[in-house]
Structure formats: C-alpha cells, structure tokens
Amino acid sequence: MALSHRTRAIWVGASLALALAGCPSRGVPSYDPCQPSQTCEGDRDRCVEIVYPGPSGEGVGSMCTMQGCLSDADCPRDVRGASGVCLIFDAALSTCFEACTRAGDCALGWSCQALAPEGGGTVSVCVPEAR
C-alpha cells in the first residue's frame, strides 16, 4: 500500500519531532546573558543576577556563571577558550566573570570594565552596562 504525499510528510514530521525530543538541550553557554527560567550549559553554572554600581549608574543583568569559586582555575572557559576570573567583592560569595581586554569581548548590553576586587590589583571583566 503506497502512502500519499501528505501522509509521508506527516510521518517524516512526526519522526523528526520524536528524534529531536530525545536530544538534550545544551542550555545557555557560560557568561552569556540569561533569564532565570533558562538552563545553563555548564554543570556548575546557573543564571545569576549581576549588579554593577558603575561610575555612570547601576548596571543590572543576568548571566550563566558559577558561584563559590576559589580561584580562576575553578571558572569555566568562555567561547574564545579563555579562562574566567574568580572575583570576591565585599566578602560576598565569589563569582566567575568573563575576562576581557576590549568591549567586543563582551555580550551585547555588557561592557569591559577594570574592577578592583578584594586583595588588591585590578582585573578587566564583562559587567552589565548602566541603564
């Protein structure tokens, strides 16, 4: 018994839907902007709200990252393959940030800023732009 063109199209569409349903979603990559309802790609990443009290106003955004890092080695790599930076501010929970050297290294709506974490020195990381 031959299948009609329409029946074959429905069969192929249903087969493709079932195949894709079995494929796990990779989630949002490390250091990319996210929404709290989204799943992050990294095993230890979660969607974290970042508040940056910058010189031109407060910037607020959320990104997939890891908290509770002890050193840069604990942080996930970014899309360029560079290691993240583990920062602690005001004795708060440590957080991994994406390292940067220029604005183009950061996601849209984020900027590359030199920050002074606890322990001294400065490090450039991507932070949300002031709104």
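The model is predicted, so local features need pLDDT of at least 70 and side-chain atom pairs count only at pLDDT 80 or more, while totals for chains, interfaces and linings use all residues. Residues are numbered from 1 along each chain as its sequence is written, and side-chain values use heavy atoms, with hydrogens and water left out.

**Overall fold**

- The protein has 1 helix and 6 strands; helices (H or I, at least four residues) and strands (E, at least two) are DSSP runs, numbered from the N terminus.
- Of the 131 residues in the protein, 34% are buried. Buried means under 20% relative accessible area, exposed means over 50%, and partly exposed lies in between (1.4 Å probe, protein chains only).
- The accessible surface of the protein comes to about 8300 Å², and 56% of it belongs to carbon and sulfur atoms. Such areas come from the Shrake-Rupley method with a 1.4 Å probe, and for residues only the protein chains shown count as cover.
- Among contacts (heavy atoms within 4.5 Å) between residues at least 6 apart in sequence, 43% join residues at least 24 apart.

**Nonpolar cores**

- A nonpolar core is a set of buried Ala, Val, Leu, Ile, Met, Phe, Trp, Tyr and Cys residues joined through side-chain atoms within 4.5 Å.
- The largest nonpolar core has 22 residues, and Leu87 and Val125 have the most contacts inside it.
- Two or more residues of this core come from each of β1 (46-54), β3 (85-87), β4 (95-97), β5 (110-115) and β6. The biggest share is that of β6, with 4 residues.
- A second, separate core has 5 residues, including Val28, Cys40, Cys47 and Cys64.
- Leaving aside neighbours within four places in sequence, Leu87 is in contact with several residues, among them Cys69, Phe97, Leu115, Val123 and Val125.

**Salt bridges**

- A salt bridge is a side-chain nitrogen of Lys or Arg within 4 Å of a carboxyl oxygen of Asp or Glu. By this rule the count comes to 3.
- Arg80 pairs with Asp78, and their closest N and O atoms are 2.9 Å apart. Arg80 is partly exposed, at 42% relative accessible area, whereas Asp78 is buried, at 7%.
- Arg80 also meets Glu98 in a salt bridge (3.2 Å, N to O). This pair links distant parts of the chain, 18 residues apart: Glu98 lies in the loop between β4 and β5, and Arg80 in the loop between β2 (57-65) and β3. Glu98 counts as buried because its relative accessibility is 6%.
- Asp105 and Arg102 form a salt bridge, with 3.7 Å between the closest N and O atoms. Asp105 is buried, with 11% relative accessible area, while Arg102 is exposed, with 52%.
- Through shared partners, salt bridges join Asp78, Arg80 and Glu98 into one network.

**A look at Ala130**

- Ala130 is found in the segment after β6 (123-128). It counts as partly exposed because its relative accessibility is 33%.
- Ala130 and Ser56 are 74 residues apart along the chain, yet their C-alpha atoms are separated by 6.5 Å.
- Setting aside neighbours within four places in sequence, Ala130 is in contact with Ser56, Gly57, Glu58 and Gly59.
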